[in-house]
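This briefing covers helix packing, sheet architecture and the surroundings of the ligand in a predicted model. Please read the points below alongside the sequence and the structure.

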Amino acid sequence: MEKNKLIEIFKTALKEEMLETNVEHNIDLLGSEYKPDLVIYPQSVDDLIKAVRLANEHKIPLYPIGSSSKFKSAVAPFTGGVLISTKRLNKIIEYRPDNMSIEVEAGMKINELQEALAKDNIFYPVEDRFTNATIGGQVAANSYGRKKYMYKSARFYVMGLEFVSPQGELVRVGGRTVKNVSGYDVSQLLTGSWGVLGIITKVTLRVRPIPQKRTQLEYITEDFSKVTEVIDSILKEQISLASLTFRKTDKKYLLQLELEGFVESLELQVNNLKDKYGFKDGSKSQIEVNNYSEAIISLPLDTYCQGLKEIEALKDSQGLIYQGNITNGLVELNSQLLNQELVNKITSVVNDLQGTLVYQGQRLTKKERGTGYIKVLKNLKSVVDPHHILIPQSLVLKE
Ligand SMILES: Cc1cc2nc3c(=O)[nH]c(=O)nc-3n(C[C@H](O)[C@H](O)[C@H](O)COP(=O)(O)OP(=O)(O)OC[C@H]3O[C@@H](n4cnc5c(N)ncnc54)[C@H](O)[C@@H]3O)c2cc1C
C-alpha cells in the first residue's frame, strides 16, 4: 500500500501526536534496513486496539516494539507497514507490596520498575543488563539475566497479563493470585512468543524481597584442569549460588562466583569456599556473557566442562574460548578466530554433547524438536492471526 494512503487510514482514528512518519530519528537501535512507513505511539490501550483493528481491516503489517534492543534478532528487515511502540504505555497500574505483586503497562522500563520497588526493599529478579528494556519486550522475549540459575527467566514472574489479539480483541489472562490458571495457560503462551500472537499491554509480575547480602568471590589459576575440577565440584555444593562465570585472559583463567542470601549463612559459605578451594574476595567488575554474541555455545551443566576440554583440545583453538556463564550453560567464543573448519569441528563436539551452537545468528547444531514443531507454531499463528498482520517477517516462525 502506498505510504500516504496508509498514514491517512490511521489518521482517521488516532490523534496526530501519536503518529510519527520520520522513523529514522525515533527508534534508537533499529538499523536502516527496517523501513516502516509509520510509527504509532498509542497513549492508551483503546488507541492500540483501534490501530490493530485498522491494520486488520486493511491488511497492514504491524510490528510491536519496546526499546528495540532485541528486535533485530527476532524480525527480518522489512519495508512498509507500521511499528507500534509501547513507549507511552508506561504506568504502574497496581502495586501491592503485601501481595508481592505489581501490575504495570508493557512499556515500563526495567530500571523504572526496579526504582519503584526498591523503596520497599523489593526487586524484580530478572536483571536484564539492558536496563532500558521494556517489561513487554522482556516478557515477549522471555528474557533472563546473569543469575538465571537462581532466579530463572521472565516467564517465572508472570502472574497474569493483558494483550490485544491480532484481530483487535482485548484478552486478560491470569491474575494476582499464585494459583490462577484453569485450562490452557495463555499467559505462558504469550511469554516468549516474540510478539507474533498478540501485543502485550499489561503484565502482573510477582516480585521478591532484595536479598540481605550479595557476595562475589574469585579464583585465578593457570591450570585448566583445576578450573574444570572446581566447576564440577562447586555445582554440587550446598550453597546459595546465583552465578558462576569464567574468563580466559592470556594464560590465566578467572572464575567468578556470586552468592546471595542471609548474612550469617553467606559468611559460613564464603569461609568454606575459601578454605576448600582457595577462593578470594572478588572485585566489583562482573563477567557479563553476551547471550546473543556472534558465536555462542549452550551446553548442559553435566557436559559443560567436557565441552570446554574438547574445544581446547582442537587444533587452532588457542584463544578461542573467551568467557562463559557456567550456571547459564553458556560459552562465548572469540568469533574473529573462527574459520569454517573450526566451526565444523566445534559443531560436531557440541552436537555430541547435546548442546547448541549459534554462529552469526544461525543455529548450526541439530534441532531436536520433531518435524511437527514449526507446523504447530504456524497453524497456531494462522488461527490467531488469519491475515498474518502481526510481524509477518518473524524469525521465530522460520524453519
Ligand atoms: C547491551 C544489551 C544487554 C542485554 N542484556 C540482556 C540480558 O542480560 N538478558 C536478556 O535476556 N536479554 C538481554 N538483552 C536483550 C534485551 O534487553 C531483552 O531481550 C529485552 O527483553 C528486550 O526488550 P525491548 O523492550 O528492547 O524489546 P524489543 O527489542 O523492542 O522487542 C523484542 C521482541 O519483543 C516484541 N515485543 C516488544 N514489545 C512487545 C509487546 N508489548 N507485546 C508483544 N511483543 C512485543 C518485539 O516485536 C520483538 O520481537 C540485552 C540487549 C542489549 C542491547
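In this predicted model, helix α8, which spans residues 224–234, packs with α10 at an angle of about 165 degrees, and the axes of the two helices are 9 Å apart. Because angles over 145 degrees count as roughly antiparallel, α8 and α10 are therefore roughly antiparallel to each other.

**Contact of α8 with α10**

- The crossing in which α8 passes α10 is right-handed.
- On the α8 side the contact is made by Phe224, Thr228, Ile231 and Asp232, while α10 contributes Tyr304, Cys305, Leu308, Lys309 and Glu312.
- By class, the residues of this contact of α8 with α10 comprise five nonpolar, one polar and three charged.

**Contact of α10 with α11**

- Helix α10, residues 304–312, also packs with helix α11, residues 340–352, at an angle of about 155 degrees, with the two axes 10 Å apart.
- That angle makes α10 roughly antiparallel to α11, and α10 passes α11 in a right-handed crossing.
- Gly307, Glu310 and Ile311 of α10 meet Ile346, Val349 and Val350 of α11 in this contact.
- The residues of the contact of α10 with α11 fall into four nonpolar, one polar and one charged.

- Nine strands form an open sheet with antiparallel pairing, in the order β15-β12-β14-β13-β17-β18-β16-β19-β20.
- The edges of this sheet are β15, residues 280–281, and β20, residues 362–363; each has a single partner strand, so one side of each is left without a neighbour in the sheet.
- Within the sheet, strand β12, residues 213–221, pairs with strand β14, residues 252–261, in the antiparallel sense over nine bridges.
- Leucine 217 has leucine 257 in β14 as its bridge partner.
- Helix α8 lies across β12, β13 (241–249) and β14, and α8 runs at about 15 degrees to β14.
- Helix α10 likewise packs on the sheet, where α10 touches β16 (295–298), β17 (321–325) and β18 (330–333), and the direction of α10 makes about 175 degrees with that of β17.

- Strands β1 and β2, the latter covering residues 38–40, run antiparallel and are joined by two bridges.
- The bridge partner of glutamate 20 is valine 39, which lies in β2.

**The shell around the ligand**

- The ligand is surrounded by 32 residues, of which Gly66, Gly136, Gly137, Ser143 and Gly195 are the closest.
- Two or more residues of the shell around the ligand come from each of the elements β3, α3 (71–74), α5 (135–140) and β10 (199–206).
- Of the elements, α5 gives the most to the shell around the ligand, with four residues.
- By class, the residues of the shell around the ligand divide into 16 nonpolar, 13 polar and three charged.

Notes
Residues numbered from 1 in each chain as written. Predicted model: local features only at pLDDT ≥ 70, side-chain atom pairs only at ≥ 80, totals over all residues. Axes fitted to C-alpha atoms, helices over the stretch in contact; angles between N-to-C directions. Parallel < 35°, antiparallel > 145°, perpendicular 65-115°, else oblique. Left-handed = near helix turned anticlockwise from the far one by under 90°. Contact = placed C-beta atoms within 7 Å. Nonpolar A, V, L, I, M, F, W, Y, C, P; charged D, E, K, R; others polar. Pairing = 2+ DSSP bridges. Near = placed C-beta within 6 Å.
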